[in-house]
Every structure is written in structure tokens, then in C-alpha cells.
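The sequence and the model are shown first.

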Amino acid sequence: MKRTALVYAECADGKLRRVALEALGAARLLAGDGGSVHAVLVGGGPEAALQEAAAELAARGAGVVHVVDDPALAGFAPEAYAAVIGAAVAAVRPSVIVLGHTAAGRELAPRVAASVGGGHVADVTAIDLQGDGGADAVFTRPLYAGKAFEQRRFLPGAPGVLTVRPNNLPVAEPVAPGSEGVIAALPYPAPPLWTTVRSVVRKTGGTVDLAEADIIVAGGRGVRSAEGFAPLAALAAVLGGAVGASRGACDAGYCDYALQIGQTGKTVTPKLYIACGISGAIQHLAGMSQSRVIVAINKDPDAPIFGVADYGIVGDLFEIVPLLTEQFRTLLSKPG
Ligand SMILES: Cc1cc2nc3c(=O)[nH]c(=O)nc-3n(C[C@H](O)[C@H](O)[C@H](O)COP(=O)(O)OP(=O)(O)OC[C@H]3O[C@@H](n4cnc5c(N)ncnc54)[C@H](O)[C@@H]3O)c2cc1C
């Protein structure tokens, strides 16, 4: 089955996000052998960074990378970005449009689906091509905080829009040298806007993006204070990971809500999730239970977090976390 797929390649600080490459991998799968894959890259300078991102997409299997570069697009403006994707849709006429299930992707995808009069499947964690030549694409997505999964497919007749959950699908691998795609400029359609972004105030300065982190050290009310997060930050630094939190910790004022993981916080799927002093309420599990390996540290042997943990350590986090940090520091500093 040949399809034309279009990817919205999301960038952060001028760099491609990993989920953009995962979306590209999904688009390549859906396009099938002989299908075509397009990417739309949006930015407002610096031009060099945008061109570098475009080259990476072309090297990883985007046949055409449509670059829309305009100062009006320097900050994320949902209406403008949706219009840009709409312009790419008009140019490409895809049967499927793929975005990352990020804050931006979640905002853009329904707008794009509505504008093309098509279906929308959000938060896809797996894609299965069934039927003759993969004609039937089946999308899996979690429900009820990961307690159940449902499978959906698009009905024929209009483009389908899907968002892929970060860290679940493989990134698009580089194509053979010589078969890279081409980069083309697409004019900014300059739509009439109802709103503009006046300013963006950053609340976190972490070097590792929580949503894309491979390792997360998360703290709950058990850390007892803002200072209580220091040992967790030290462990995260040694492991090259990010710090996250339960809502309990955020509500208590120990950390910023930008770190909150869960039903009303961020959804994360790292390779390793270390939960420190977190009870494991269902609303917290909703955001992290899909992590590949979960380690829980809790004083209470009956804490529900142990029900989802692969490894559990019963004890005081203020003793255990520094011990782990020292062990990892020693192990990771050894050559080889
Ligand atoms: C509509 C709604 C949405 C919600 N959304 C979210 C969400 O997105 N994310 C979220 O996290 N919660 C969410 N919640 C809140 C959720 O129900 C819990 O209240 C919250 O997750 C509890 O946080 P906690 O586990 O850090 O705190 P607690 O439940 O107080 O647990 C603290 C844990 O730390 C352990 N502990 C204490 N001291 C130590 C120590 N020294 N060493 C080791 N362990 C220790 C205790 O044994 C305990 O298990 C939501 C609730 C509602 C109603």
C-alpha cells in the first residue's frame, strides 16, 4: 500500500525534537514502499539552524522537506502554525498527517484535522499495518491512564491526522547516501490571526527535556521540602537525566508545576523512572506507568507505587538516593 504522508517536524530552540524523528519514522512506515514522505519545518530564524534540521530530516527519509521561514513564526503561534501545516497539506495532498503528541502537537492536530475534514487519533503508541500490503493501518492508544488500550483506524475519504506519543515509536533511521530528500522553501501563508503570542516566560532551565528524557528521577511529598529535591537532582545529573515530580510535591510548593508528571501533568515514557517518596496514586501512574523500567523508593512497603515498579527499595530516600548517586558515579566514571 502506497500512501503520501506529511510530518510536522517540531523543533525546540531551533533543534529538531526527538519526537519529530519518531513521527518521521511513523510516516515512513505508513507511506510504505514506493509511497512519499514529506515534512514541514516551521521557524523564524536563525536560518542556519532551520537548514540543519531540514538536512537531518532529508537524510532520514523525508523525500521533500518544506521549510517555512518567517519572523512571524519565531514563537509558537498555534493559529499561524496550523495555517502553515494547512499550506503544506494543500501542496502535498497527504492521506496521513503525523505530529508528535506534545503540547504543541496536541494543540495543532485537532485544528489540522478540522481544517481537512478528516479523522484524528491522538496519543498513538503503536502502529500495525494489516491487510493486503498493509492497506489497513491500525493505531493503538492507551485509555484510562494506561489501564486499557484501544485500537482505531481511519475511515477512507479524508486525510487522517495522528499524534504519536514520545519515546514509543522508533526514530527514522538515516537513508543510504545519495538517496536523501530535497529541501524546498514554502511561502508563509500569513493567515488572518485572532490571537498573537506577546511573550513566553520560561519556568524551567533544565538541560534535559522532561518529556524526552531517557532517565527521570521524580520526587513526591516524601522529599519534604524544596531542598529535599537536591539529592534527586544530584542523582539525575550523574545519570544525565531530568527531575520530575508528583502533584503532591508541586502542591506542597517543593517544586514548579512544570515538573508535574501525571494525569494533569506531563506524560513521560523514559527508559528508567526512579520514583522517590511518591505513593503511586492513579493520577500519577497515568503519566509514568508506560516507563520501560520503574524503580520505586518508599518507606511504606504497602505504597501502591510498588504495584507498578520493576524494582522496589523499601527505605528512607534521604539514605538511599545519595548511596545510589555514589554507586552510579563510581560505575559511570570507570572506563569502558
Ligand atoms: C483530578 C486530579 C488530578 C490529579 N493529577 C495528578 C497528576 O497529574 N500527578 C500526580 O502526581 N498527582 C495527581 N493528582 C494527585 C494524586 O491523587 C495524589 O494526591 C498525588 O499524586 C500524591 O502525591 P505524592 O505521592 O507525592 O504524595 P503522598 O500521597 O503524600 O505520598 C508520599 C509518599 O512518600 C513516602 N515517603 C515519605 N517520606 C519518605 C522518605 N523519607 N523516604 C521514602 N519515602 C517516603 C510515603 O510513604 C508516601 O508513600 C491528581 C488528583 C486529582 C483529584
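Which residue in E11 does Val121 stand opposite? The residue is Leu162. The model is a predicted one, and every value below was computed from it.

E7 and E11 run parallel and are joined by 4 bridges. Both belong to an open sheet of 7 strands, paired in parallel, with the order E7-E11-E6-E1-E4-E5-E12. E7 and E12 are the edge strands of this sheet, and each of them pairs on one side only. From one strand to the next, the twist averages 20°. Helix H2, residues 47-59, packs on this sheet and touches strand E4 (36-43), strand E5 (64-69) and E12. The direction of H2 makes about 165° with that of E5.

Strand E7 covers residues 119-124 and includes Asp123. Is Asp123 buried or exposed? Asp123 has a relative accessibility of 10%, so it counts as buried; the cut-off for buried is under 20%. The side chain of Asp123 makes a polar contact of 2.8 Å with the side chain of Arg165. Leaving aside residues up to four places away in sequence, Asp123 touches His101, Thr140, Arg141, Pro142, Thr163 and Arg165.

Ala176 sits in the loop between strand E11 (160-164) and strand E12 (182-185). With a relative accessible area of 48%, Ala176 is partly exposed. Between the C-alpha atoms of Ala176 and Ala80 there are 35 Å, and the two residues are 96 apart along the chain.

**The sheet of 5 strands**

Another open sheet has 5 strands in the order E14-E13-E15-E16-E17, again with parallel pairing. Strand E14 (242-245) and strand E17 (311-314) are at its edges; each has a single partner strand, so one side of each has no neighbour in the sheet. On average, neighbouring strands here are turned by 20° against each other, direction ignored.

Strand E13 (residues 215-219) and strand E15 (residues 272-276) run parallel, with 5 bridges between them. Within this pair, Ile216 has Tyr273 of E15 as its bridge partner. Helix H5 (residues 230-239) packs on the sheet and is in touch with E13, E14 and E15. The direction of H5 makes about 180° with that of E13. A further helix, H8 (residues 317-333), lies across E15, strand E16 (293-298) and E17. H8 runs at about 135° to E16.

**The ligand site**

How many residues surround the ligand? There are 26, and the closest are Arg221, Ser246, Thr264, Ser279 and Asn298.

On its own, the ligand has 990 Å² of accessible area, and the protein covers 76% of it.

Definitions and conventions. Residues numbered from 1 in each chain as written. Predicted model: local features only at pLDDT ≥ 70, side-chain atom pairs only at ≥ 80, totals over all residues. Heavy atoms only, no water. Pairing = 2+ DSSP bridges. Helix = DSSP H or I, 4+ residues; strand = E, 2+ residues; numbered from the N terminus. Axes fitted to C-alpha atoms, helices over the stretch in contact; angles between N-to-C directions. Contact = heavy atoms within 4.5 Å. Near = heavy atom within 4 Å. Areas by Shrake-Rupley, 256 points an atom, 1.4 Å probe, with all protein chains shown as cover. Buried < 20%, exposed > 50% of the residue type's maximum accessible area, 1.4 Å probe, protein only. Polar contact = N/O pair within 3.5 Å; in protein donor to acceptor, adjacent residues only side chain to side chain.
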